Amino acid sequence: MSLINVTIIDREGVEHKIEAPTDINMNVMELCKANDLPVEGTCGGMAMCASCHCYIESSHDIFSRSDAEEDMLDQAFFVEQNSRLGCQIKLADDLEGLTLRLAPESN
Amino acid sequence: MKPIETDIIIVGAGPCGLFTVFEAGLLKLKCHLIDYLPQAGGQLTEIYPKKPIYDIPGFPEILAGELVENLMKQIAPFKPGFTLGERCETISKTEDGKFKVVTNRGTEHIAPVVAIAGGLGCFEPRKPPIANLSDFEDKGVEYIIKDPEFYRNKKVVVAGGGDSALDWSIFLTNVASEVSLIHRRTEFRGAPDSVEKVMELASNKKINLITNSEVIGLSGNGHLKGVEIKHQTDGIISKEADHFVPLFGLSPKLGPIADWGLNINKNSIEVNTFDYSTNIEGIYAIGDINTYPGKLKLILCGFHEATLMCQSAFKRIYPDKNFVLKYTTVNGIQGF
């Protein structure tokens, strides 16, 4: 099993250090849910709800978003330059040390 | 109008609600479905009809839309009733202990059993996080444009980047005295024709196009007078406005069901996994809308929940009848 270290900062500012598997086709939204972090993942990972909106805080250059993701971010709030949808980030070995912060919940 | 009477009122016509009709039908129970969307199928039809689903037993791959079509075919022998395009608002008990469910249009439904298969809930407009937004709702802030004439000779600020924001901005140039369109980035995701038209109207100064921006504040005294816009590099722009129309699509909300007295946990209804009953006897919750330890939001789990729920519903409706499980392989399907 291949693992990377990921840090997720929740909405209260608490850091969660998580070992994340890279060989089971898992994404960041699923990682959050699997670790009981408050991410709804309402649409099931289809970039259709923005409930897994997060900010990339480490220096990983992972900002090539698909049209579907950009479209969804257009309908989301609190969007910043480093915004991503967690469901669209597949956990892979080159994401070792990834740090991300959960975006505020919106109505 | 006379109330609609049936054995099971199913709130939500998604896959789980539809399959309930089949399992109830095998037990000779009649069903009537109510859904806020104008067609059956729930998310599958509304959000992703062309997406393939891979985890329906017996179907290595099936499009969401096809699954709904198949379910409709499967339940047709049991002649379900439908109330579509209406939202369930209230539930009450009748004198003889049945439930009465009334929609936003006043349609009344009466049955001894209610099965809530509401999925994610009702789809409602997404509201931007502006502190005093609710103060101006219907006082200058509208989430849906019903009658464009309402905006005649008014200053209107539209926010959003999708088709509805583009199309309404274009249309409102015919009636409003000033139209501004505020969008987070410079690209638009709407239809290319609409994007081109907006760009043309912007260059002719018919639309005041403000990109890389968002509305962050509202001001006025009893009615909206102005908006504050934050530009990514230029800072705050203040703008006079009679109306602010944020068009950020729809997101699911539990809606009026939240006030039905059910035990709710994180927007889901708590159930007993014995029969998916809620804390109110006679009301069940199945599919994505319920929660219990180990819950998985999968269509196939919803089918299972619907099946067990129908057994319990039968016993509630006919407490004295002995129930015999019938295998469809032996008897086939006997419709109504």
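This is a predicted model: local features need pLDDT of at least 70, side-chain atom pairs count only at pLDDT 80 or more; totals for chains, interfaces and linings use all residues.
In chain B, helix H1 spans residues 15-26 and helix H6 spans residues 299-317; their axes come within 9 Å and cross at roughly 40 degrees. The crossing of H1(B) past H6(B) is right-handed. On the H1(B) side, the contact is formed by B:Pro15, B:Cys16, B:Phe19, B:Thr20, B:Glu23 and B:Ala24. Their counterparts in H6(B) are B:Ile299, B:Gly302, B:Phe303, B:Ala306, B:Thr307, B:Cys310 and B:Ala313. Classified by residue type, this contact between H1(B) and H6(B) comprises nine nonpolar, three polar and one charged residues.

Chain B also contains an open sheet of three strands, in the order E15-E16-E17, with antiparallel pairing. Strand E15 (213-220) and strand E17 (235-240) of chain B form the edges, each pairing on one side only. From one strand to the next, the twist averages 25 degrees. The pairing of E15(B) with strand E16 (residues 224-231) of chain B is antiparallel and extends over seven bridges. Within this part of the sheet, B:Leu218 has B:Val227 in E16(B) as its bridge partner.

Between the chains, 14 residues of chain A are in contact with 15 residues of chain B. The side of chain A that touches chain B consists, by class, of six nonpolar, four polar and four charged residues.

Most residues other than glycine have a negative phi. B:Asn212, although not a glycine, has a positive phi of about 50 degrees. B:Asn212 lies in the loop between strand E14 (207-210) and E15 of chain B. With 14 other C-beta atoms within 10 Å, B:Asn212 is partly exposed, because this class lies between the limits of 12 or fewer for exposed residues and 20 or more for buried ones.

A positive phi, near 50 degrees, is likewise found in B:Lys266, a residue other than glycine. B:Lys266 occupies the loop between strand E20 (264-265) and strand E21 (268-270) of chain B. Here the count is 8 other C-beta atoms within 10 Å, so B:Lys266 is exposed.

How values were computed: Residues are numbered from 1 along each chain as its sequence is written. Chains are lettered from A and ligands numbered from 1 in the order in which they are written. Axes are lines fitted to C-alpha atoms, for helices over the stretch in contact, and angles run from 0 to 180 degrees between N-to-C directions. Helices (H or I, at least four residues) and strands (E, at least two) are DSSP runs, numbered from the N terminus. A crossing is left-handed if the near helix is turned anticlockwise from the far one by less than a right angle, and right-handed if clockwise. Two residues are in contact if their C-beta atoms, placed from the backbone, lie within 7 Å. Ala, Val, Leu, Ile, Met, Phe, Trp, Tyr, Cys and Pro count as nonpolar, Asp, Glu, Lys and Arg as charged, and the others, Gly among them, as polar. Two strands pair if DSSP finds at least two bridges between them.
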